[in-house]
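Subject: Structure handover and notes

Hello,

Please find the structure below, with the sequence alongside. My notes on what was found follow it.

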Amino acid sequence: MIEREQVIENYFQSWINKNNLILRKTFDLNAVYSECYGPEYHGLEIIERWFNDWNKRGTVLFWKIKKFIHQGNLTAVEWYFKCEYDGEVGEFDGVSLIEFNNDNYIVNLKEFQSKIPHYYPYK
């Protein structure tokens, strides 16, 4: 479990550092990555292309892990994310559902988002 948490922490930090070298240590060659707003990337080569393209236009300002939950080869990660993209700052809470292979490479990652600010309609 600790090794998988380290893989995820290193991956999140790679976005802040704009360091694409970590991707080959993180994802299986045939990994599938589904973003929370719809795009899906198939294979490490496409994940690397997306990472590089995104970082030309954006900067991850903060990606904080709140909690890990493990079950078998699956890890759920609750987090808070903030970035600047094309001059706009955005933030949201999220969860990633991550499936690992037996070598602790990510084979499937699905993101889900919860918009900020949260509000309380029945105060």
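Residues are numbered from 1 along each chain as its sequence is written. The model is predicted, so local features need pLDDT of at least 70 and side-chain atom pairs count only at pLDDT 80 or more, while totals for chains, interfaces and linings use all residues; side-chain values use heavy atoms, with hydrogens and water left out.

Strand β5

Phe 100 belongs to strand β5, which covers residues 88–100. Buried means under 20% relative accessible area, exposed means over 50%, and partly exposed is in between (1.4 Å probe, protein chains only). Phe 100 is buried because its relative accessibility is 1%. Contact means heavy atoms within 4.5 Å. Leaving out residues up to four places away in sequence, Phe 100 touches Arg 4, Val 7, Ile 8, Asn 73, Thr 75, Tyr 105, Ile 106 and Val 107. Between the C-alpha atoms of Phe 100 and Glu 48, which are 52 residues apart along the chain, the separation is 18 Å.

Leu 97 is also in strand β5, and its relative accessible area of 36% makes it partly exposed. Together with Leu 74, Val 95 and Phe 112, Leu 97 makes a nonpolar surface patch of about 320 Å². Patches are made of residues with over 30% relative accessible area and no salt bridge; like charges are joined within 9 Å and nonpolar side chains (Val, Leu, Ile, Met, Phe, Trp, Tyr) within 5 Å. Accessible areas come from the Shrake-Rupley method with a 1.4 Å probe, and for residues only the protein chains shown count as cover.

Aromatic pairs

Rings of Phe, Tyr and Trp (its six-membered ring) pair if their centres lie within 6.5 Å; planes under 30 degrees apart count as stacked, over 60 as edge-to-face and the rest as tilted. A search of the whole structure gives 21 aromatic pairs. One of them is Phe 12 with Trp 63, which is stacked because the ring centres are 3.7 Å apart and the planes are at 5°. Phe 12 is in helix α1 (residues 2–17) and Trp 63 in strand β3 (residues 58–71), so this pair ties together parts that are 51 residues apart in sequence. Both residues are buried, Phe 12 at 2% relative accessibility and Trp 63 with a relative accessible area of 9%.

Trp 63 also pairs with Trp 79: the centres are 5.5 Å apart and the planes at 80°, so this pair is edge-to-face. The Trp 63–Trp 79 pair links distant parts of the chain, strand β3 and strand β4 (residues 74–85), with the two residues 16 apart. Trp 79 is buried, with a relative accessible area of 1%.

Strand pairing around β1

Two strands pair if DSSP finds at least two bridges between them. Strand β1 (residues 27–34) pairs with strand β6 (residues 106–115) in the parallel sense, over four bridges. With β2 (residues 40–42), β1 pairs in the antiparallel sense over three bridges. Tyr 33 stands opposite Leu 109 in β6, and its bridge partner in β2 is Tyr 41. The hairpin of β1 and β2 has five residues between the strands, and in it Gly 38 takes a positive phi near 125°.

Salt bridges

A salt bridge is a side-chain nitrogen of Lys or Arg within 4 Å of a carboxyl oxygen of Asp or Glu.

- Asp 53 and Lys 56: the closest N and O atoms are 3.7 Å apart. The two are three residues apart in helix α2 (residues 44–57), so about one helical turn separates them. Asp 53 is partly exposed at 38%, whereas Lys 56 is exposed at 66%.
- Arg 57 and Asp 86: the closest N and O atoms are 2.3 Å apart. Arg 57 is in helix α2 and Asp 86 in the loop between β4 and β5, so the pair ties together parts 29 residues apart in sequence. Arg 57 is partly exposed at 46%, and Asp 86 is partly exposed at 43%.
- Asp 93 and Lys 66: the N to O distance is 3.0 Å. This pair links distant parts of the chain, with Asp 93 in strand β5 and Lys 66 in strand β3, 27 residues apart. Asp 93 is buried at 15%, whereas Lys 66 is partly exposed at 45%.

Regards
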